[in-house]
Each structure stands twice: as structure tokens, then as C-alpha cells.
Amino acid sequence: MRTKFSGILTLFLAFIVQITFAQEKTISGTVTDNKGLPLPGVNIIVKNTSSGTQTDFDGNYTITANRGAVLSFSYVGFEEKEIIVADNTSINVQLNESEAVLDEVVVTAYGVGRKSSVTAAISTVATEDIEDFVPSTSIDNILQGQASGVQVTAANGRPGNTAFVQIRGVGSLTGSTTPLYVIDGVPVPIRENDQFNPLSNINPNDIESVSILKDAASASKYGSRGANGVVLITTKKGRSGEAKITFSSSYGFGERIPDPFDLLNAEQKLEIERQYADLGVSSAQSLPGATLNASQRASLIALDTDWEEELLRKSVIQNNALSIAGGTEDLTYFLSLGYNKDSGIIDRIDGFERISARLNTTYQAKKWLNISANFSASRSSTDLPRDRNNVQNPFRGLYDYNPYAPLFVRDGQGNIATDDLGNPIFNRGGGIFFPIAEALTTEPEDSRNLLFIGNLAADITFSEKFSNRFSVGVINNRFNGTTRSLPGGVLQGFVGDANFPGTQTNSFDLDLEYNVNNLFTYSDTYNDVHNLTASFLLEYNENIRQESFTTARGFPTSTIPFLDVAAEPTRVGSNEARRILFSQAIFADYDYDGKYSVSASVRRDGSSRFSPDDRYGTFYSGSVAWNIAKEAFMDGSIFNALKLRASYGTSGNQEIPDFEFLDAAEFTTYNGNTALRPERFGNPTIKWEGQSLLDIGLEFGFLNNRINGVVDYFKKTSDDLLLNRPLSTTIGDENNSLVSNVGEIENSGIEISLNADIIRTEDLKVSVGGNITFIKNEVKKLINDQDIIRGIFGNSILRVGEEVNAHYLVEYAGVNPDNGAPLYVDLEGNVTEEFSNSFLKLQKDKSPLPSYQGGFYGSIKYKGFGLRGDFVFRGGNYILNRQRASGVFIGNIDSNLREEVFNYWRQPGDTNVLPLPSNANEATADQFGTTRFLEKGDFIRLRTLTLDYTLPSKFLDVLPIDRLRVFATGQNILTFTDYEGDPEIGIGSAESGTPDGNTFDPNFVPGAFSQFSYPQVRSYIFGVEVAF
Amino acid sequence: MKNKISKILVLFSFMSFFTACDDELDELQPFVEVNPDTFLSENNVTAFQNAVDGAYGQLWQYYADSANGLQGLGDILSDNVIQAQSGRRSNNAYHDYLFVPSTAGFIANTWDEAYEAINASNIVIRNIDNLENGAGKDNILGQALGIRAWAHFDLARVYGQVPTQSAGANSTLGIFYSKFEDGDTDDLLAQPARETVGENYIEIIGDLERAAELIGASNGEGRLDRNGIYGLLSRVYLYNGEYQKAIDAADEVSTELATSEELPGVYTDSNNAGIVIELAVNTTTEANFFNVGVLYSQSSRGNIISEYVLDFDLTNSINADDIRLDVLQFDAVNGDNTYNGVKKFLGEEGQNNGRVDIKVLRAAEVLLNKAEAQFELGFEPDALATLNILRESRFVPAENRDDDPLNDVMETYTPGTETGAALEAAIQFERRVELACEGHRFFDIKRRGESIERDPDNGDLIDGTGTPPQIATIPAGNFRFQLPIPINEINANPVMAEQQNPGY
């Protein structure tokens, strides 16, 4: 296959030399509305070709077309106009406000379509919707709240980190609910298991539009990869005409979103220690609060360290973007450069940095042959602070470290003590076992990713009826990771070898995914009213990953980060993994006069993830649409658009590790000798996870389309769910689980999205909009109806008839008012002072999945000023607040605690208090897995608020620039929630609960608990945008 | 026309990229994994030894785990050590007996890794007939049977009662004994039940006795051999109350006791004197593997951050003329505090990273097993003689020691003369001191049906002040002696969910 692939390059070169000159001319002009105002963003298409353009800010356009060709001008809210190219090279067009609205071009599965005739449920996010979010460094984060049915939760707040995206609920239970991302036709490989996600390395400024394919009508076209929905990302293209240069730059800062609770200060902490010691808590007996005299305490109180201040900082966020776009008759280009930096809020490390470049070109090589090439390269580097629930995590440290412990050691006089070199010595006393601030500098871990995405496509027009598109896409990522433990550093003191100080591991991973597809299309129109399109697709997709690493030890100096200077290598390794998918598909679309549309698709996929017997899966879909607005009886109605559509179809999921159908053992060593270690039991019977999706939707627009919206009902049934089925540990499996088809779940819901231009005058435009999704989910079937208990801590459950991943906890019944002991409810319903794991039970209708979610915005534009606020919200979900548990546990008295710990039981009759601190109560009170820490996750968050000003063109006339915009944006500046912490929880804690701390646990349930992950950040950014 | 032909030619050239895609799909095989049965399908003793070494590796996983290794938990659960307040409070739930089935660490880890060792040995046994008959095959099978019995024995003594622990112990629930030969491994989805303690020990002993007849005399460091199997048998028979067999098995072990000169080097891995079974680690190429010493302490820039330190009374019960005081204890200084630090696992010579081999079974234990068995059978003079062999080899002659005026030290070795209860106490005292911090104490108290009694007045500091233990006493017969079946097993196996140990 590889040789075939290299052959294609030669073939393309061969095409490029065959330059011919078409009988084309350049046409330019201005498009205005019926009041004569210029219309920016009007779509202009040369009919029956793939070439098109849009008007600029002043309504001007330039396009090349043959004499006799038909130019089609379309714009939302206006009637489409067609003009035949004659001798004039200047065509000015006035569009009338129209009734047939919503007629945008939308990117659809394997092509583009007109919104009016598309039979599928597609949400489109356009560039102007996301420009305010651009400082978010990853595309998936930007989608939050932008489209109905799409739930986006930032994995955590680490700069450059990606997000958990769920389209229409949980379709799959394996680690991933991530949809398929396709960038300009190239599927993006994302493997959460390997923490590999190239989305963070794509410049959001390059994006023209994002189409989210939600229903079977389009997702089925992606067959086995469409079950979680499909996100199509289209990057910007040049338009023929003079080059447009756009430059934008922004600068800002970010900080941790403040907690809705207080930690103890030094005086309070010493006081609670004294109280605990008096109450007989043995772990408090030797703490300063219990042992020190008044003057010693006073000197500690004077220190009163604010650990947030010592460990964190204000982050610096910088973004610069430059693009140059333009073209000639045959050639268009879009060139962009981007630079993003976000230092992150952890002090002493560098954070995230990305530099990216892109060149998109199209070339009309022959009259019948158009070739296009998109290339992008980007490099990002990021620090990787430990994100686990232990002493190495700074976000745990700032809650844990006692406020009476200083950052640096103090001498007898209270001055900061210094070492021989005059550097301050980091303190390790006062409960600080591991000095995180120091470790951040002595235990650096960072990674660099170099990502290339290339896409070559050739469109051949055989005749008016037959065309063919062949494309090759390649994604290549080179990952370099360096993990160092400096000689003389914190960790070396613990685990280093005295004779070989310092260790370093260099890892190198190479990911290559290539995708070759060919789409042969027949399209025809009979009697002017019957429109038929049929396509045949062949697609081959292979993913190859190679990994290697080297570890060495014995570094003479901490300043040279290369293995050359190491005394000896200790470990090396390399491996490879591949996954192949081969697909054939037929798509057909028919419509009658644009009023009645029918579409169907069949796709057959073969995947190397399944055994040869169960390798192929067939997926199909059918959909219909009735464009009611086009009916004669609708003439004169208030509706500009009204379309009813329905679809049903199937898709599949293969997101499981490779070769799960085979028994496997791996090689390791024991005492330096080769050792064979059984790795897993294979399940030869696993097969495709299937999904069927029913969707009924209504799209409407009225009052000149000033009010428009979409309502969709959907029901998604996922069966033969792939999941790690728990095995009895006595079987001896390394993961105690077997990948199996375990059951069936159903998601159903209603999505509503609505936009309204309340005021639309020349000077003032006020618009509001929003979307909301109500979603219900239920486990329908499990093998033998047996519950599956999952989650890293075993606190989530699948049970037939209940919500997916419902919380599985012991019910807490408050404190016994007579004696202050914590109370629990056993399975018979009796309240007892005992705690037992046997009391664990499903918490009815309480799961991490929200029952409603969405976003809304309001925008005011007055002359050049604009103000836009975007909110996101979610509700009905429950989160196990393990972070709060850590802040109130009796046994954690040696760490800092939350202020609420003073509210403990003091006398008979006290209620709504924490348990009386005592050794006996510690045994029962300090339990994570109880409803005591289960909290509602509802929140509304002002995601962005942007104020901008665009200089009127009369001022610009004297300057050689077309557009000047200044803006200020705040992100996450307001949050309304009752949750005792930050309610936007993705990973909780990335490394928790896994034996080696680095791999993604398949049992992990996103959003189920919080535990000291990198917090969300509130940021303020100021910027300027110039176009000329 | 020319155009048309070239268009079609281009189309066909595109389509040619898709030929043979099906083959690509079907030919794909794993890259760095093997099917274990395929790997063991030939008459290749080396391959089988690789598989056996994999099984040792699994045992090592639960003995050496730096967070919850069996090597340390056997003492952390007992009266030998006390929690140092300036540590991380690791294993707090175990030391303070707060553990429940969902408590992370030792409960889950031991259960998991022991059954993985059992699976690894069952895979060897399943394929054993691919080897030609002869000594090579016998030695492989002997090791595999030995590992299987050893892992089951550890499971049985952690999660179930020990036969000698109480009168009815043999009829209480033990663990599930997984044997390929009995069809136990046929069904991946099986939800097995616990068997009784009595049944468990029959199978453990059965596997070990079979192994004894097959295994070779020497297999190199870190592996079982004939001495290892008989050493295990002497322990298992003692646990099972079969005292004559314990004596006979002990007599089969030819490993010499480490001398008092050799003993300190045993714990820095400078020598292997007196080692009958160890689980070994190569500290160069396996520098990323567990460092077992972290269970007791970590050291950083001169400060020893202790997790657990020696009980004040235990430290002071050892005479200065006893080499074991120096082997066991050092002054662990952390800032202003000094503790009776545990010295056995600091690391190899000159290291403080806690990475050393696991001493699973030493000749001294075999001798102590024998002395105890002799005493139980009423052979008091024999028991005393056996015990005196050990005591003599632990005595430091006057010229070799720093005289400590506080201790009433002997100038020359004088054999002990105890009888009756005093002899029994002496045997247990020597056992406690000799095997301190090697994972025995909790099980010795347990199997003898005694109580765990920590001195409620002894603090964690070197002079006995500081914070005393939160829980001082676990009386004999308390449910805490049997650890709970881990929550993951309860969740995945409804049969065993009905068989949780009492008290949980």
C-alpha cells in the first residue's frame, strides 16, 4: 500500500505539467441589498462547477467564469439570483429579501449541499460564531454551547488540552464518546488511550466552518466511524482577486476561577488542630496546633502562606495570526501563520506554545480537472505537570499545604534561609512532604508535537452527468517527549541511584494515518423537476503508530538535557501498532422540484479490530424531507422557510484497542531475564457495536427570516455495546475484564435552537439566540441482566432500566444528633452508625449525564460597536465531589482543610453539621463513596463576553486598510452554581486510579467525580484585527 | 475523444489503488504481542522458562509494590512497627484497621496480582506436554506448580483463616483454588465460589509435594528450586499444624544460615547467604521497577522521611550483642525528629532508593519453623537445640562490637536453657526479631490465634515519646484478621458477593 501511496504523488506531478488555458474571464462587481447597502459574505457560485467565492466586507467580489456560465448569488434572508455571464466583466447585483431562506451552502458528508434540500440534521458553526473564542486553543473547546445536541466539556483547564465532546448523549460506553473529526476530508485519528489528540495542534483561525452531523442521514455515510457523530471542519480558501491580508493580535491573562468556599488560614488551621487534639483525634496530637505554645503559634500565624499565590500565577495568553488569501483565474490560495502562547497558571513552568502554518490551494488544471491541495504544519510544545491525585500535583498542593508552612525555610530570625549559592531553600516541614514548587523545576516533563496534515484532491468532470473525486489525506504527527529527573532534584532524593544521579527518558512516537478515497458521482435532472444524484465510494484508511523510548541515568550536570552525557542507558523500547479500515459505499439523493427529497446510503466497512469472521459491518440510512415553504399554498405566508425532515439509519463503533479478539502475552523482564507476561484474554466473538438513530426535525424561518430555528426529536439506540465486561479477578486477567458486546442503551431527546434578529436597522442590530437539548438515557439490555459496576472507584453502575453510569454509592443520612456519629442507610433502609461497602446502591436518576444542556447568546451592534455574550448551561447531572471530601475528612487534619470543618457536631441536638471528629468517627466518616459528597452539577457560565469596535469605513478611506477592529474578551467570567467547586468537570484527575498512572482507564466515566485536575481558567484578552 | 480516454484512464489509475485492500486487512497481525499458547507450542525449555519468569514477575508485583507490598503489610498490620507522624500517612487505613472492601491498595493488589501469577503458571502447566519428557520439563513443571501453590497460599492466609488459627478454621471460607487440571480455567466468564480453608491447604500442599519431586536443585537467583519448595513446605505444614512434616521438610533444606558477618550484606544484596527464596530485581535495567523500601521510608537530601518505624519495645528487646539490632534498626533523622528507622530495605550498598530484592524465605525461618514444630510435638530439648543454632549465629563476639554500657551484654555466647512456656516464648521472640519487617509478624500472630497488642503508651519517636498508635489492640478472633474480598471481585462475581468475610 505504501508504494501505491507514493505513486500518487508522481501522478499529481504529471497533471500539473499539463497546463491548459481555459476560455475564462474575470468578473467583478458589488452585491447590495434592496436599500443599496453592500452585503458582505454573499455566496457566489459558478453553477455546475466547484468554483465559488464570497463578497468581502464591502460587498465586492471577483470570480472567474466562462462566457455563458451561470453565476448564482445567494445570501441568507435574500432571494437567490442567477445571472448569465455575457460580455461584461462587471456585474453588480441587487438581492431582494427573500422568503426562500436558509439556503446556505452546508458542508455535508462527502460533499456540500444546499441547506434547503438537505435531508439531514446538521448544525453549522461559522467562522464569525467562533472568532470570539479563538483564544481557546483547541477547536473542540470552541464548540461548547454553539450547537444543539452537542455537549462539550473541557477535559480540564490545562492550556492546549482538548475536550470531551458528546453528540446526542452517550452513544458508546467504551472510553471514547469522541465524534469523528474530518478536516477537509481527512479523518483525524484521536486515541484517548494514548492521550493522542491532534486537535490541539490546529489553528482555530484557519477554520471556515464546522458542520456537525448528528443524524443517521449523514453519520451513516461514515459507517463504522459515525456512531458518535461526525464533525466536519472546513478550512478557509482563497478567492480569486487581489490578495486580502488579515492580521490579528491579542494579548491577555488568565487566572484560576475562584472557589466558592474558603480554605483555613494559619490561625484557623492551628485552632482546628487544637480542637481535634482535644477531642482525642490521635493524628492531631503531634501537630503544631496541639503542641506549640502561644508565642510559637504566633510566629506561625504570622507566616500565613497563601499557597495559591506561591504555586500559581496569572497566565499570559498571546495570539497572533496572519493570513493572505487571494487568487487568479485558475489558482486560489489561502496562506496563514499562527502563533499562540498560553503560559498556564502554574508558576515556574512554561505552559503551551504553538506555531502553525497553512497553505490551501486550488487549481483548475484542465477544463475537466480541478486539483486542490491543503497543507498545514504546526508545532506545539507543552509542559506536562503531574495531574494525579497525589503529592506531586500543584493543584492538590494548594489545598493540602498548611497555611502556617512557608514556601521557603526560615531561620531563627524569621528570614528566608539560603543555600551555599544564595538560593532560597524550599521548605519541607509543616506537613509538606514533597515540595511541589521545587519539584516543578527539578522534575520537568514536556512534549513537542509536530503535526502535518495534507490533503490532495482531484475532481474530474467527465460530462454534465458524471464526475469523480479522488483524494488522498495524510496526517502525520511526530511526538517527542522528555521526562527528566534532575540530579540533586526532589525525586532523585527519593528514588534515584546514588551512583548514577539524574534520569531522563526521551520518547518518540510517530503517527501516520492516511486515507485514500474515490467518489464517483452521477447526477442528472429529468424534466427540470426530478433531480437525482448517486455516488459510489471506495475508501481505504490505515493508521500506523510507532513508538520508541530511551531512558538513561547518571547525569554530570542538570544543564544538559541530552542522553549523550548520561553514564549509562537503563531501558529502551520500541513498538508498532496498525489499524486498517476498508469501506465501500453507495449514496443516492433524489428530490422533486426542491420540494420533496429522499436520500439513502449503504456502506460496508471492514475493520482489523475484529476477528476475520466478524470483520465486516454494513450500515445504511434513509431520509426524507418536505420543503413546505416551496409549496404553492404557502405563498404569502409569514414563513420564509419551513422544512420537515425525517431520517433513520445505522452506524457502528469500533473504538476498542487493537486485537482484542486474540489472546495475547507481552514480554517484560524479571530480574533482568526475559519474562512472558499474559496480557489479556481474547474475545473472538466481539463484533461491531451498532447504532440506530431516528430523527424527525422541523426547520423554520419567518418574518423575513428574522426569526429562525430548528426543532429535532431523536432516538438513538446503541446495541451490542462494546465495553470491558468485568471478569472475576480469579481468572487472572491483567485488566480483570474482557472486551465484549454487553448490551443496549437508548438516548432520546429534543433539541431546539432558535435565533432572532430583534432589531435589524442600518445602525442597530440586536439579536439573540440559543439552543437547548433535553436528553434522556436508559440502559435497555445487559448480558443476563447482570449489573456492571464501573468507574475508577467502582462508583458508577449500569443497570437495566436505569440511567447510564448512575452513581453507585452508600447513602449518607447525616449526623446522629445525639452523639455526632455519621449515619448511613443499609440496604434494608435502616439507619446505622456502621459503614459498609455492602450498603452500596444505585442512586436513582443521579448520573453524571446532564438531562438538559445548551447555550445562548445576545448580541448588540450599534454602528461600529458590538457587544456579545455567550452563555453555556447544563443541568440534571450529579458529580461526586471527592475534592470536597479531601477538604473535610477527619483523617486529613495534617493537611489544610476547608472552612466548613469548624461546623462539626458539638452538642446533642446539632444537625446539619459535620461528624464529631474522633478516631471512631474517622473510620466511618472518611469514606469517599457516599452520597454525602454527591452534588448537583447544574451551572450557567458566561463563557465569553466580547466588546468590540470596528472603525467605520469613512475613517478607513484615508488609510490603506479595509478593516480595523479592536476587541476585549473575557472568558468564564461568571458562573452560577451550587456545586462546591468548579462544576465543569471533565477528567476529574487524569492519572487517578490507574496502576501506572499514565494510561487512560477504560473504566473511567467523564464527569463522574472531581479530584484536583488542572482547573478551569478565567481570562481577559485584548486584541486588534486589521485587514488590507 | 482524446479527452474522454484520458479521463477514463485517470479514473482507472485511481481505482487501482484499491485493489488488494482486503488482503491488507486480513494480513494484519499484532506487532509486539504473542499468543502465549503459540509461544509455548514447541519443545523449547527456554521459552517455558521465560513464561515461568513471567509468573515470578507477578509474585514480585505484589510482594514488592512500593505502595502496598506484602513484604511490608505483614508488619504494618502488626505490632512490629508504628506510623511515623511526619510521613505521608501511607497505608493508614491498614495500620489503623480502618479498611473496607473498597480500600485501595493491599486488599485489591494482592488479590489481583496473585491470581495473575496463578494464571501465568496455569498457562505453563496447560502447555507442559509440548516439552519432551526429562529433567528440563520436570524442572519447569516443578517451578510452575510451586508458584501456583505459593500464590494460593498467600491468598489463603490474607483473605481466609489459617488452619491453626481457631478450632473450626478449616471449615471456614478460604479462597478459590484455580487449577487448569480441574477445568477451573476453562470458562473466562466463570464466577467461582470460595472453597474452605481445609480444601485450600490440601491443594496447596498437593501442588508443593508434587513440585518437590520434579524441581531442579538450583535454578539461579530469584527462582524456586528444591530448597525453595521444601522451605515453603516447612512453612505451610506449620500453618497447617502438620508438625512432623514441617520438621521433615525443614530437614530437606540444605541452605546454610547466614553468619553474623554475612547477615548485614544480605539486606544490601551484597550476598545471598541464607536465602532460600527471594524475588529479585535487576537494579540497573529495572531501575523503574518498584522500590519496596518506600513502604517504610523515603530519604531525601539527608532527611529520612519515615512512614513506619520500629516499635519502641521491639527495638529495646534486642541486645546489643545481637547482630540483628544493627541489621534492623538505624537512627532515622527527619528535621528535629529521630525515629527507630527500618534498615532492611534502604537499598543496595550505598543507596537509599529502597530498591532491593525481596527476601521471601530464609534458612533462619526454616530453622524457626522446625523449632516451633518440635516444640508443638513436645520435643523440647530438640526445639531448644534448634533454636540455639540460630542464636549462636546471631551473637556478635565482644571484639566485634561497640560496647553499649546500657545493655547487659554477654562476653561470650552462652546457649539458652529455656523450657516450657519460656521456650515457646523464646522461639516466638527469636522469630519476631529474626524476621522483623519481612512480612511475617501479622501472619504469625494470626496463625497462633493470638491478639495484636501494641503498647498504647509508646509513641513514634526514638525515645518512645511522640504519637502512640491509634488502635492498640486487635483481640484474637477479631474479623480484622481476615482481610475483605476486594470490592472489584464482589462487583464482578455475584457468587463471591454472597461470601464476603464477616464484618465487612
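These are my notes on a few spots I looked up in this predicted model.

**Entry 1: the A–B contact**

I started with where the two chains meet. Chain A puts 77 residues into the contact and chain B puts in 85 residues. Which element gives the largest share on the chain A side? I found strand β26 (residues 568-592) of chain A there, with 8 residues. I then sorted the chain A side by class and got 34 nonpolar, 31 polar and 12 charged residues.

**Entry 2: strand β13 of chain A**

Next I went to β13 (180-183) of chain A. I checked which way its side chains go: Leu180(A) and Val182(A) point one way, while Tyr181(A) and Ile183(A) point the other way. Buried or exposed? All four residues are buried.

Then I looked for partners. With strand β16 (residues 230-235) of chain A, β13(A) pairs in the parallel sense, over 4 bridges. I noted one partner in β16(A): Ile183(A) is bridged to Ile233(A). With β14(A), the pairing of β13(A) is antiparallel and runs over 2 bridges. Here I wrote down Val182(A), which stands opposite Pro187(A) of β14(A).

I flagged Asp184(A) for its backbone: phi is positive, about 45°, although the residue is not a glycine. Is Asp184(A) buried or exposed? I count it as buried, because it has 22 C-beta neighbours inside 10 Å and the cut-off for buried is 20 or more.

Asn784(A) comes out as exposed, because I get 7 C-beta neighbours inside 10 Å and 12 or fewer is the limit for exposed.

Over to chain B for helix packing. A packed pair is described by the angle between the axes and the distance between them, so those are what I looked up.

For helix α8 (residues 135-159) and helix α10 (residues 226-239) of chain B, the axes come within 11 Å and cross at roughly 30°. That is under 35 degrees, so I call α8(B) roughly parallel to α10(B). The crossing is left-handed. Who makes the contact? From α8(B) I listed Gly146(B), Trp150(B), Phe153(B) and Arg157(B). From α10(B) I listed Gly228(B), Ile229(B), Leu232(B), Val236(B) and Tyr239(B). By class, that contact divides into 6 nonpolar, 2 polar and 1 charged.

**Entry 3: α15 and α16 of chain B**

My last pair was helix α15 (residues 363-376) and helix α16 (residues 380-394) of chain B, whose axes are 7 Å apart at an angle of about 160°. The angle is over 145 degrees, so α15(B) and α16(B) are roughly antiparallel. Their crossing is left-handed.

Among the α15(B) residues in the contact I noted Leu367(B), Leu368(B), Lys370(B) and Phe375(B). The α16(B) side includes Glu380(B), Asp382(B), Leu387(B) and Leu390(B). What classes are in the contact of α15(B) with α16(B)? I got 9 nonpolar, 2 polar and 3 charged residues.

How values were computed:
Residues numbered from 1 in each chain as written. Chains lettered and ligands numbered in written order. Predicted model: local features only at pLDDT ≥ 70, side-chain atom pairs only at ≥ 80, totals over all residues. Contact = placed C-beta atoms within 7 Å. Nonpolar A, V, L, I, M, F, W, Y, C, P; charged D, E, K, R; others polar. Axes fitted to C-alpha atoms, helices over the stretch in contact; angles between N-to-C directions. Parallel < 35°, antiparallel > 145°, perpendicular 65-115°, else oblique. Left-handed = near helix turned anticlockwise from the far one by under 90°. Pairing = 2+ DSSP bridges.
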